[in-house]
Every structure is written in structure tokens, then in C-alpha cells.
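Hi,

Here is the structure I promised to pass on. Have a look at it first, and my notes follow below.

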Amino acid sequence: EGRLPHEMGLLTHLKILNLHGNALSGQIPAGVGECALLQNLDLSRNRLTGPLPPKLATLGFLKKLHLERNLLKGDLPKSMSKLARLQVFTAYRNKFRGPLPV
């Protein structure tokens, strides 16, 4: 329970972050884009709100992104099309709108 700290961007060598089902609330901090080596990010089954931070698209090593079952909303950032290594993206049961960036 709680919020993701803005300081999580200081975890520059982090490769896997699994916070599935932790009752997290608030927005995904832009600092997550500073976790340059992140390969697997699972924030599913929480109560996260707001849009996705555009800096998420700077995660060049990201292979898996799980965001399902949150309260996220808005358009998916067009910059997400830059995630060339992304293999798995799950975002159902949110309030996203618009097309999937390709």
C-alpha cells in the first residue's frame, strides 16, 4: 500500500521490478524512465492513476510491461513505439483511449 517514490529513478541498475498486487496508488513517477537497464516492469493489479509518463519510452531494454487492472487513463504515449525490445505489453482493465502506438 502506498505510492511509488519519485526517487525510484535512482535505481539505475535495476533489471526487474515486480510490484504486482501491492495496492499502490497515485501516478507512475517519471523517474521510472531513469531505470535505464529495466527489462521487466510489472505494476499490474494496483490502483495506479493518471496517464503513462512519456519517459517510460526511454527504457530501451524493456521487454515486458504489465499494467493491467489499474486506473490508468489517457492516450498511450506515441513515444512507446520506440520500445524496440518490448515483447509483452498488457494493459487491459484501464481507461486508455486511442490507438496502440506502432
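Let me start with Pro53, which touches Ile28, Pro29, Ala30 and Val32 once residues up to four places away in sequence are set aside. Bear in mind that this is a predicted model. Pro53 sits in the loop between β5 (47-50) and β6 (64-66). Is Pro53 buried or exposed? Its relative accessible area is 8%, and since the cut-off for buried is under 20%, Pro53 counts as buried. The chain also brings Gln27 into this picture: 26 residues separate Gln27 from Pro53 in sequence, and their C-alpha atoms are 8.6 Å apart.

As a reminder, nonpolar side chains tend to be buried together in soluble globular proteins. If you want to trace the surroundings of Leu38, look for Leu14, Lys15, Ile16, Leu17, Val32, Leu59, Phe61 and Leu62, which are its contacts beyond four places in sequence.

Now the fold. There are zero helices and nine strands, so going by the definition of these elements, the run from the N terminus is β-β-β-β-β-β-β-β-β.

Four of the strands make an open sheet in the order β2-β4-β6-β8, with parallel pairing. At its edges are β2 (16-18) and β8 (88-90), each of which pairs on one side only. On average, neighbouring strands of this sheet are turned by 10 degrees against each other, ignoring direction. At the β2 end, the parallel pairing with β4 (residues 40-42) runs over three bridges, and Ile16 has Asn40 as its bridge partner in β4. Ile16 is also among the contacts of Leu38.

Other strands pair up as well. β3 (residues 24-26) is parallel to β5, with two bridges between them; there, Ser25 stands opposite Arg47. β5 also pairs in the parallel sense with β7 (residues 71-75), again over two bridges, and here Gly50 is opposite Leu72.

How does the radius of gyration of the protein sit against that of a compact globule? For 102 residues, a compact globule would come out near 13 Å, and the protein has 12 Å, which agrees. The C-alpha trace spans about 35 × 30 × 20 Å along its principal axes. Buried residues account for 40% of the 102 residues. Of the contacts with a separation of 6 or more, 46% are between residues 24 or more positions apart.

Finally, two backbone spots for you to check. Most residues other than glycine have a negative phi. Ala23, in the loop between β2 and β3, has a positive phi near 55 degrees. Arg69 is not a glycine either, and its phi is positive at about 60 degrees; you will find Arg69 in the loop between β6 and β7.

Cheers

Note on methods. Residues numbered from 1 in each chain as written. Predicted model: local features only at pLDDT ≥ 70, side-chain atom pairs only at ≥ 80, totals over all residues. Heavy atoms only, no water. Buried < 20%, exposed > 50% of the residue type's maximum accessible area, 1.4 Å probe, protein only. Contact = heavy atoms within 4.5 Å. Pairing = 2+ DSSP bridges. Axes fitted to C-alpha atoms, helices over the stretch in contact; angles between N-to-C directions. Rg over C-alpha atoms; globule rule 2.2 N^0.38 Å.
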